Amino acid sequence: MATTLRIEHLVKRFEGLVAVNDLSIDVQEREIHALIGPNGSGKTTTLNLINSVIPPTSGQIWFRDTLLTGKPTFETVKAGVGRTFQNIKLFSSMTVLENVMMGGQKDVSHNMLRFIVDLRGSHREERVLREKACEVLDSIGMYHLRNETVDNLAYGRQKVCELGRALMTTPQLILLDEPAAGLNPSERREFVDILRKVYDSGVDLFLIEHNMDVVMNLSHRITVLSFGCKIAEGTPEEIQHDPQVIKAYLGDRFRTEE
């Protein structure tokens, strides 16, 4: 099976703090891969390194045949890597449709000058973006809310809207930073169903998540971090029964019954 995302000996230091320490992960094609661990273990830092929000101290990150290390974030997006955030980053005064359309800006060729001199072309591009955004919203069950102001949406719907914006980049892989955080059990089940639908459409997923019901039910493979280091990797069943993971993160409720 081919590798979608390859992280090789990744290190990130913030002055005296080593946030990520010699981390290597292979995310395979057609896989939902979860990254778990205690708070402060380096999970979000790892995502920020992958999509070039911050540069690594050392190591390399590959997306298929493209070296992401050293590239700006917009080049990472163009390569096929989408992203959602732990703290929702939407334009609260804009509509759902407008927010999702913002995700398609990499496909827009018009700048301000061209907008002035080629108004017809600008309107044509906007129409194409709008049609694509409507298709995305329909695929995630949000089309009926397309004209609703984001600030009026329930928190769970805002999460889905942000996922829709990521899908507008036409990603081959989406990085999800705690997608189920703040959702109640019913909302989590609904969001997991949407993520499965996104995966079934051909998009691979790499997620950080603290809700173990989401991780164990959704993931094919799990990597566990502690103090910036990888301490285990395997299937959900293997991770659930790993003594080192139980001690460092999961707790005794996941301990295998003898």
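User: Which strands does α1 lie across, and at about what angle to β1 does α1 run?

Analyst: Helix α1 lies across β1, β2 and β4, and runs at about 115 degrees to β1. Helices (H or I, at least four residues) and strands (E, at least two) are DSSP runs, numbered from the N terminus. Axes are lines fitted to C-alpha atoms, for helices over the stretch in contact, and angles run from 0 to 180 degrees between N-to-C directions; contact means heavy atoms within 4.5 Å.

User: Before we continue, what kind of model is this?

Analyst: This is a predicted model, in which local features need pLDDT of at least 70 and side-chain atom pairs count only at pLDDT 80 or more, while totals for chains, interfaces and linings use all residues. Residues are numbered from 1 along each chain as its sequence is written, and side-chain values use heavy atoms, with hydrogens and water left out.

User: Back to the strands. In what order do the 4 strands of the open sheet come?

Analyst: The order is β2-β1-β4-β5, with antiparallel pairing. The edge strands are β2 (17–28) and β5 (66–67), each of which pairs on one side only. Two strands pair if DSSP finds at least two bridges between them.

User: How many bridges are there between β1 and β4?

Analyst: Strand β1 (residues 3–14) pairs with β4 over 5 bridges, in the antiparallel sense. Within β4, Q60 is the residue opposite E8.

User: What holds paired strands together in general?

Analyst: Strands of a sheet pair through backbone hydrogen bonds, either parallel or antiparallel.

User: Where is S52, and is it buried or exposed?

Analyst: S52 sits in the loop between α1 (43–50) and β4 (58–63). S52 counts as buried because its relative accessibility is 17%. Buried means under 20% relative accessible area, exposed over 50%, and partly exposed in between (1.4 Å probe, protein chains only). The phi of S52 is near 65 degrees, a positive value in a residue other than glycine.

User: What about T170; what is its phi?

Analyst: T170 is not a glycine either, and its phi is positive, at about 55 degrees. T170 belongs to the loop between α6 (155–167) and β7 (173–177). With a relative accessible area of 49%, T170 is partly exposed.

User: Now α6. How many of its residues are buried?

Analyst: In α6, 11 of the 13 residues are buried, so the helix is largely enclosed by the rest of the structure. Among them are V160, C161, L163 and L167.

User: Moving on, how far apart are the end C-alpha atoms of α7?

Analyst: They are 22 Å apart, which agrees with the 22 Å that the 16 residues of α7 (residues 185–200) should span at 1.5 Å a residue. The expected span is 1.5 Å times one less than the number of residues in the helix.

User: Which residues of α7 are buried, and which exposed ones does the opposite face carry?

Analyst: The buried residues of α7 are R188, F191, V192, I194, L195, V198 and Y199. They cover an arc of only 165 degrees around the axis, which puts them on the same side of α7; the arc is that of the directions from the helix axis to the C-beta atoms. The face turned away from the buried side carries the exposed residues R189 and D200.

User: What covers that buried side?

Analyst: The cover over the buried residues of α7 includes β3 (32–36), α6, β7, β8 (204–208) and α8 (212–218).

User: What caps the N-terminal end of α7?

Analyst: N184 does, with a side-chain oxygen 3.1 Å from the backbone nitrogen of S186. After α7 comes G202, with a positive phi near 115 degrees.

User: And β8: which way do its residues point?

Analyst: From β8, D204, F206 and I208 point one way, while L205 and L207 point the other way; all are buried. β8 pairs in the parallel sense with β3 over 4 bridges, and F206 is the bridge partner of H33. β7 and β8 also run parallel, joined by 5 bridges, and I174 stands opposite L205.

User: Last one: what does the side chain of S219 reach?

Analyst: The side chain of S219 reaches the backbone oxygen of V215 at 2.9 Å. S219 lies in the loop between α8 and β9 (221–226) and is buried, with a relative accessible area of 8%. Leaving aside neighbours within four places in sequence, S219 is in contact with I32, A34, V214 and P236.

Notes
A polar contact is a pair of N or O atoms within 3.5 Å; within protein, one must be able to donate a hydrogen and the other to accept it, and residues adjacent in sequence count only if both atoms are side-chain atoms.
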